[in-house]
Amino acid sequence: MNVLAIGIGGMLGSLLRFFAGKATAGWWLLGFPAGTFFVNMLGSFMLGYLTARWKKSSSIPSYLQKGIGTGLIGSFTTFSAFSVETAELIQSGRFGSASLYVLISLAGGIILALAGYKIGAGFSKRRVANS
């Protein structure tokens with residue numbers, strides 16, 4: 001069941017990534033591709049949030065958690081595009097933009113994953129307290 005859920009989630013996430021890429025193709029921020037940055041930050045926040053929620057609740061079956069986390073969010077976010085875009089910035093001599101892109105992406109991803117985790121954990125605590 002895990003493989004099927006991850007496959008379906010992966011298919012949906014890759015389609016969402018395709019459409020997000022189309023919608024943000026012209027987005028540039030501080031000299032780097034903001035579309036990929038936005039997608040990766042959103043995915044970092046969502047995975048942190050859902051991970052915290054799922055730790056507090058056993059109502060979501062494990063295969064659905066894997067389908068959403070590994071499949072959908074894993075295929076929606078894109079480390080490979082981030083890596084290639086960084087390499088292209090370096091190849092074109094835009095070392096400052098490449099460095100900024102890497103630093104903001106890493107820091108932003110970790111900060112947003114932590115924020116999502118804290119918000120998800122807080123939501124779960126309030127939900128348990130109100131039950």
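The protein chain exposes about 7,800 Å², and carbon and sulfur atoms supply 72% of this area. Accessible areas were computed by the Shrake-Rupley method with a 1.4 Å probe; for residues, only the protein chains shown count as cover. The model is predicted: local features require pLDDT of at least 70 and side-chain atom pairs pLDDT 80 or more, whereas totals for chains, interfaces and linings use all residues. Residues are numbered from 1 along each chain as its sequence is written, and side-chain values use heavy atoms, with hydrogens and water left out.

The secondary structure comprises five helices and two strands. From the N terminus, the order is α-β-β-α-α-α-α. Helices (H or I, at least four residues) and strands (E, at least two) are DSSP runs, numbered from the N terminus. Along the principal axes, the C-alpha atoms fill a box of roughly 55 × 30 × 20 Å. Of the 131 residues in the protein chain, 34% are buried. Buried denotes under 20% relative accessible area, exposed over 50%, and partly exposed the range in between (1.4 Å probe, protein chains only). A contact requires heavy atoms within 4.5 Å. Among contacts between residues at least 6 apart in sequence, 77% join residues at least 24 apart.

Aromatic pairing was examined next. Rings of Phe, Tyr and Trp (its six-membered ring) pair if their centres lie within 6.5 Å; planes under 30 degrees apart are stacked, those over 60 edge-to-face, and the rest tilted. By this rule there are four aromatic pairs. One of them, Phe18 with Phe19, is edge-to-face, at 5.2 Å centre to centre and 70° between the planes. Phe18 is partly exposed, at 46% relative accessibility. Phe19 is exposed, with a relative accessible area of 53%. The rings of Phe82 and Tyr101 also pair; their centres are 5.1 Å apart and their planes lie at 65°, so the pair is edge-to-face. This pair links distant parts of the chain: Phe82 belongs to helix 4 (residues 79-91) and Tyr101 to helix 5 (residues 95-130), 19 residues apart. Phe82 and Tyr101 are both buried. Together with Phe79, these two residues form one aromatic cluster.

Helix 4 has 13 residues. From first to last C-alpha it reaches 18 Å, close to the 18 Å expected at 1.5 Å a residue. The expected span is 1.5 Å times one less than the number of residues. Ala81, Phe82, Glu85, Thr86 and Leu89 are the buried residues of helix 4. They cover an arc of only 135° around the axis, and therefore lie on the same side of helix 4. The arc is that of the directions from the helix axis to the C-beta atoms. An α-helix has 3.6 residues a turn, so residues three or four places apart point the same way. The face turned away from the buried side of helix 4 carries the exposed residues Phe79, Ser80, Glu88 and Gln91. At the N-terminal end, Thr78 caps helix 4, with a side-chain oxygen 3.1 Å from the backbone nitrogen of Ala81. Just after helix 4, Gly93 takes a positive phi of about 80°.

Ile119 is found in helix 5. Ile119 counts as partly exposed, at 44% relative accessibility. Leaving aside neighbours within four places in sequence, Ile119 is in contact with Phe45 and Tyr49. The C-alpha atoms of Ile119 and Phe37 are separated by 21 Å, with the two residues 82 apart along the chain.

Definitions and conventions. A polar contact is a pair of N or O atoms within 3.5 Å; within protein, one must be able to donate a hydrogen and the other to accept it, and residues adjacent in sequence count only if both atoms are side-chain atoms.
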